[in-house]
Amino acid sequence: MSSTRQNKQQLIQSIIQNLTDLNDFPYNIEQMTQFLKLTKIKIITKDTKQRMRSAFDMYNKQKRTGRKFGEPNEDIESWDVIKADSDKLKVFQDLADNYNSTHDLQKHSSVSLNKISKLRVQIIQQTNFNASLNGTSIPNKPIFSGAYPHSPINNYKEWKKSQLNSSSISRKDLEQYKINDDFNPSIYTSNQSWYHFIINNMHYIH
């Protein structure tokens, strides 16, 4: 492949990746690739499956924001400085956690999520049982078995299930509910009915 063609392919892939990284962008990588196949734009596909993001991925994304293709944002501190500061590192880890949760990417983990969820439930149940033996009154609340109790999308889903008195919501229905309720993962304040729903209404692992 010539250098010019390779650079063009990299630019196309970068544009697709940056678009699908947006929380409110309605299409995923696979769908964008299919759309391009209907045009005259040639695209070389490799692995189009979305992958889980890390704190370093979100750092690189922010470093590219607002710059021309390939140009770093020099205003952002170096990764060595970020990862050495737990508070600064947590900012990017929270961004990654929220992205993975919003895009339902935990399921791609090599570890069975069902087993992990069951383990969380068992830990919470055992913790509550031990507390009750010590005379502590344990409120009767449902258990959140997920990994991100502070995630806007997780709080929205648990709130919606509570509203519907249901233990689960299909992905198709969830997408429609999000539209009906004007859910926006970038807007998460006490003005939303689902704000801190998990913390206030469920048992969860801190």
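This is a predicted model: local features need pLDDT of at least 70, side-chain atom pairs count only at pLDDT 80 or more; totals for chains, interfaces and linings use all residues.
Q: Is His196 buried, partly exposed or exposed?
A: Buried means under 20% relative accessible area, and exposed means over 50%. His196 has a relative accessible area of 26%, so His196 is partly exposed.

Q: What is the phi of His196?
A: His196 is a residue other than glycine.

Q: Which residue follows α7, and what is its phi?
A: The residue after α7 is Asn165. Asn165 is found in the loop between α7 and α8. Asn165 is not a glycine, yet its phi is positive, at about 55 degrees.

Q: Is Asn165 buried or exposed?
A: The cut-off for exposed is over 50% relative accessible area. Asn165 has 72%, so Asn165 is exposed.

Q: At what angle do helix α7 and helix α8 pack?
A: Helix α7 covers residues 152–164, and helix α8 covers residues 171–180. Their axes are 11 Å apart. The packing angle is about 95 degrees.

Q: What does that angle make α7 relative to α8?
A: Angles of 65 to 115 degrees count as roughly perpendicular. The angle here is about 95 degrees. Therefore α7 is roughly perpendicular to α8.

Q: Which residues in α8 meet α7?
A: From α7 come Ile153, Tyr156, Lys157, Lys160 and Leu164. The residues of this contact divide into five nonpolar, no polar and three charged. The partners in α8 are Leu174, Tyr177 and Lys178.

Q: Why does the span of α7 agree with its 13 residues?
A: The expected span is 1.5 Å times one less than the number of residues. For the 13 residues of α7, that gives 18 Å. The end C-alpha atoms of α7 are 18 Å apart, so the span agrees at 18 Å.

Q: How far apart are the end C-alpha atoms of α5?
A: Helix α5 has 17 residues, 86–102. At 1.5 Å a residue, α5 should span 24 Å. The end C-alpha atoms agree with this, because they are 24 Å apart.

Q: What covers the buried residues of α7?
A: The buried residues of α7 include Pro152, Tyr156 and Trp159. Among the elements that cover the buried residues of α7 are α5, α8 and α9.

Q: Is Asn154 buried or exposed?
A: Asn154 sits in helix α7. The cut-off for buried is under 20%. Asn154 has 8% relative accessibility, so Asn154 counts as buried.

Q: Which residues does Asn154 touch, not counting residues up to four places away in sequence?
A: Sequence distance and distance in space can be set side by side here. Asn154 and Phe197 are 43 residues apart in sequence, with their C-alpha atoms 9.1 Å apart in space. The residues that Asn154 touches are Ser101, Phe144, Tyr148 and Ile198.

Q: Is His203 buried or exposed?
A: His203 lies in the segment after α9. Its relative accessible area is 12%, so His203 is buried.

Q: Which residue's backbone oxygen lies 2.9 Å from a polar atom of the His203 side chain?
A: Leaving aside neighbours within four places in sequence, the contacts of His203 include Ile124, Asn128 and Phe144. Another one of these contacts is Pro139. The backbone oxygen that lies 2.9 Å away belongs to Pro139.

Terms used. Residues are numbered from 1 along each chain as its sequence is written. Side-chain values use heavy atoms; hydrogens and water are left out. Axes are lines fitted to C-alpha atoms, for helices over the stretch in contact, and angles run from 0 to 180 degrees between N-to-C directions. Helices (H or I, at least four residues) and strands (E, at least two) are DSSP runs, numbered from the N terminus. Angles under 35 degrees count as roughly parallel, over 145 as roughly antiparallel, 65 to 115 as roughly perpendicular and the rest as oblique. Contact means heavy atoms within 4.5 Å. Ala, Val, Leu, Ile, Met, Phe, Trp, Tyr, Cys and Pro count as nonpolar, Asp, Glu, Lys and Arg as charged, and the others, Gly among them, as polar. Buried means under 20% relative accessible area, exposed over 50%, partly exposed in between (1.4 Å probe, protein chains only). A polar contact is a pair of N or O atoms within 3.5 Å; within protein, one must be able to donate a hydrogen and the other to accept it, and residues adjacent in sequence count only if both atoms are side-chain atoms.
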